[in-house]
Amino acid sequence: MQVPPLYSALKKDGQRMSALVTKGEAVEPKPARPVIVYSLSLRNFKPPLFTLDVECGGGFYVRSLVDDIGRAGEMALGGTEHELSSCASVQELTRTKQGPFTLEEHALYEDKWTIDEIARSLEHCMPLLSVEPSHKKLKTGLSEEHTVSCEDK
């Protein structure tokens, strides 16, 4: 179980919790929810820095995991649950896989940001996407919503 952080894209009354917290509004944390961690390994440890490799399901917050590790470390050093403040933070976070896409196989590096390279990259990714056309509602600065269709033409 993991409690989502207040600074997240989760919404309360139609607004992102992170935006509400930033405005100074009091926001109650969402209840803990089940999450899946397929693997967790310590790749490097040079105190005070460490590197983790985490393979997890959707809805998992790596920054919350690191915060929890910091709190656990403080408890191990004699802190009490009433005076906890995390002593760990994320220095760098790299998402290496999202669904069928991997950083190694699907990243388009800045020196390849040309129309031809982008088109070639998209052609390579099309078989990984669902066959069904996608219809999404697009929110614009205007008051109405527009439906956008992503179909092969």
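The largest pocket here is lined by 49 residues, and Val54, Val62, Arg63, Glu92 and Leu93 lie nearest its centre. A pocket, on a 1 Å grid over the protein atoms alone, is an open set of points where a 1.4 Å probe fits, with protein on both sides within 12 Å along at least five of seven lines; lining residues have an atom within 4 Å of a point.

Which elements give two or more residues to that lining? They are β3 (37-46), β4 (49-56), α2 (62-76) and β5 (97-98). The largest share, nine residues, comes from α2. Helices (H or I, at least four residues) and strands (E, at least two) are DSSP runs, numbered from the N terminus.

A word on the model. It is predicted: local features need pLDDT of at least 70, side-chain atom pairs count only at pLDDT 80 or more, and totals for chains, interfaces and linings use all residues. Residues are numbered from 1 along each chain as its sequence is written, and side-chain values use heavy atoms, with hydrogens and water left out.

Back to the lining. It divides into 24 nonpolar, 16 polar and nine charged residues. Nonpolar means Ala, Val, Leu, Ile, Met, Phe, Trp, Tyr, Cys and Pro; charged means Asp, Glu, Lys and Arg; the others, Gly among them, are polar.

Now the whole chain. How many helices and strands are there? Four helices and eight strands. Along the sequence, the pattern runs β-β-α-β-β-α-β-β-α-α-β-β. Of the 153 residues, 14% are buried, meaning under 20% relative accessible area (1.4 Å probe, protein chains only).

Note on methods: Buried means under 20% relative accessible area, exposed over 50%, partly exposed in between (1.4 Å probe, protein chains only).
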